[in-house]
Amino acid sequence: MDRAIAAPTTRTVAGFPGLARSFPDEREWVAMDKVRIRVYYDFASTLCYLAHRVLSEVEPELPELGVELEWRPIDLTMAAPWDRGDSFAPEIRDSVRNTGLALGLDVAMPDPWLDSRPASSIALRTPSASAEARWRHAVYDSIFERKAPQLTPHLLALANELVGPQSPPDDDGYALVEECTREAIALGIAGVPTMLLDNWMVGGVYDGPSMIAILRHLSEQYRELGASVVN
């Protein structure tokens, strides 16, 4: 079963008293009346692509909510019972496609499961949120719109612009992805997409109004309780 498909609707992380310390700037976020919500995702995941599309559509409304999103790519194969290159049963593929159709997006799962580490390693090295967003949009467009399973010359040129000249991926490059993935696993994340704000965790894909309602609820909860949580 695809854990990305089965990601829980809501789940509270338990047993991590030091969780707030994983976010060293949260005192500043409270003071600025702005809440940063982390989004864990995998470029290979169709459900993550759908969440990316929905969140991109509602992005203009986020400043009014006082919310910022921090996108963190992981390698889901480190937490899932499948590996890069594996194929999925037709019923799983149909389920994912139906999820997209319910959102007005007709998207097919790439087959087999792609190696997302090259794209993710670049995403983790982008110097700013705007650069990360450019990279994420370009990669998702390449994989799911242009059906290109590997980094294309266009993407490599963009990577050179954003983070500098690219050499063939090595263990050090993928170490960043592994570190981010181990961080997510330690926080209790077993599927993507998952949004995380301190002790609150929300997984799954929702339509635009529902996504706004979730983000508003998380940010309001954090503002009411955030000072005590961080302290």
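Salt bridges

Reply: The structure holds 13 salt bridges (a side-chain nitrogen of Lys or Arg within 4 Å of a carboxyl oxygen of Asp or Glu). This is a predicted model: local features need pLDDT of at least 70, side-chain atom pairs count only at pLDDT 80 or more, and totals for chains, interfaces and linings use all residues. Residues are numbered from 1 along each chain as its sequence is written, and side-chain values use heavy atoms, without hydrogens or water.

One of the bridges joins Arg38 to Glu183, with the closest N and O atoms 3.1 Å apart. Arg38 belongs to strand E2 (residues 35-41) and Glu183 to helix H8 (residues 171-186), so the pair ties together parts 145 residues apart in sequence. Helices (H or I, at least four residues) and strands (E, at least two) are DSSP runs numbered from the N terminus. Arg38 is buried at 6% relative accessible area, while Glu183 is partly exposed at 25% (buried is under 20%, exposed over 50%, partly exposed in between, with a 1.4 Å probe and protein chains only). Both residues also belong to a salt-bridge network with Glu70 and Arg72.

Glu161 and Arg134 form another bridge, at 2.9 Å from N to O. This pair links helix H7 (Glu161) with helix H6 (Arg134), 27 residues apart. Glu161 is exposed, at 53% relative accessible area, and Arg134 is partly exposed, at 42%.

Arg146 and Asp141 also pair, again at 2.9 Å, N to O. Arg146 is exposed at 62%; Asp141 is partly exposed at 28%.
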